[in-house]
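Hi everyone, thanks for coming. Please have a look at the sequence and the model on the screen, and then I'll walk you through a few places in it.

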Amino acid sequence: MDLSNDWKFTRRDVLKLGAVSMSALAIPRIVAAPATEAARPPVVAKVAMEVNGKPQALDLDTRTTLLDALREHMHLTGTKKGCDHGQCGACTVIVDGRRINSCLTLAVMHQDSKITTIEGLGTPEKMHPMQAAFVKHDGYQCGYCTPGQICSAVAVLDEIERDIPSHVTADLGKKAALSRMEVRERMSGNICRCGAYSNIHDAIADVAGGAA
């Protein structure tokens, strides 16, 4: 049986088929999500913590970072959101005596924690010694990283006082010296785009009573 007549196309037919095929590829395929995958409401948890000496009780989405809880819910905007990936240190706060990047931790993980932000260290009328030293030694320029720098610096001196070694501590059996290398290593997680590092070091050394 000769079926050749069934498969004869004109040039116009070929162009039409090509246009239809390209249109089908260009139109995105829309598939309705199953009802079980519909957007679910956020899970909310009660979180209680002490911030700058004051009790705080919040109802928070469990996905809320400590940084966003401080800034958006407690309106403590001194703590800055920089990279939001734990690489710049602008969001550094002190939690239970240890400095952390508040953008990398969830608020619900800090139930009953004691948290100190830059607002809790001092005020313009009564500055913390480290804040006063930053002013004295021009330890800032644009000032965006300064709250994290100061919180980190306060914690650094406490770490050295408690004999917590760093990666450059030469002798783990001896108290770490407040050398320039020690300070640079311990403060390396706090980035200053303006490059005020030498002045920051001078401020830390001033509060510590001198450094090499």
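First, the ground rules. This is a predicted model, where local features need pLDDT of at least 70 and side-chain atom pairs count only at pLDDT 80 or more, while totals for chains, interfaces and linings use all residues. Residues are numbered from 1 along each chain as its sequence is written, and side-chain values use heavy atoms, with hydrogens and water left out.

When I say helix or strand, I mean a DSSP run (H or I with at least four residues for helices, E with at least two for strands), numbered from the N terminus. Buried means under 20% relative accessible area, exposed means over 50%, and partly exposed is in between, with a 1.4 Å probe and protein chains only.

Let's begin with helix H5, residues 146-161. H5 has 16 residues and reaches 23 Å from its first C-alpha to its last, close to the 22 Å expected at 1.5 Å a residue; that expected span is 1.5 Å times one less than the number of residues. How much of H5 is covered? Mostly it is: 14 of its 16 residues are buried. Take Val156, which sits in H5. Val156 counts as buried because its relative accessibility is 0%. Val156 and Val183 are 27 residues apart in sequence, and their C-alpha atoms are 7.8 Å apart in space. Just after H5 comes Asp163, with a positive phi of about 60 degrees.

Now to the largest pocket. Rolling a probe the size of a water molecule over the atoms shows where empty space is left. Here a pocket is an open set of points on a 1 Å grid over the protein atoms alone, where a 1.4 Å probe fits, with protein on both sides within 12 Å along at least five of seven lines; lining residues have an atom within 4 Å of a point. The largest pocket holds about 240 Å³ of space, a volume being the space filled by probe spheres set on the points.

Side chains of opposite charge can pair when their charged atoms come close. The rule here is a side-chain nitrogen of Lys or Arg within 4 Å of a carboxyl oxygen of Asp or Glu, and the count comes to 8.

Arg99 pairs with Glu159, and their closest N and O atoms are 2.8 Å apart. That bridge links distant parts of the chain, with Arg99 in strand S4 and Glu159 in helix H5, 60 residues apart. Arg99 is partly exposed at 22% relative accessibility, whereas Glu159 is buried at 14%. Through shared partners, salt bridges join Arg99, Glu159, Glu182 and Arg186 into one network.

Another bridge joins the side chains of Asp68 and Lys81, at 2.8 Å from N to O. Asp68 lies in helix H2 and Lys81 in the loop between H2 and S3, so this pair ties together parts 13 residues apart in sequence. Both partners are partly exposed: Asp68 at 21% and Lys81 at 30%.

Then there is Asp59 with Lys46, at 3.1 Å from N to O. Asp59 is in strand S2 (residues 54-61) and Lys46 in strand S1 (residues 44-51), 13 residues apart. Is Lys46 buried or exposed? It counts as exposed, because its relative accessibility is 69%. Asp59 is partly exposed, at 48%.

Last, two loop residues. His75 has a positive phi of about 60 degrees although it is not a glycine. His75 is found in the loop between helix H2 (66-73) and strand S3 (92-95), and is exposed at 60%. Asp96, also not a glycine, has a positive phi of about 50 degrees. Asp96 lies in the loop between S3 and strand S4 (98-101) and is partly exposed at 48%.
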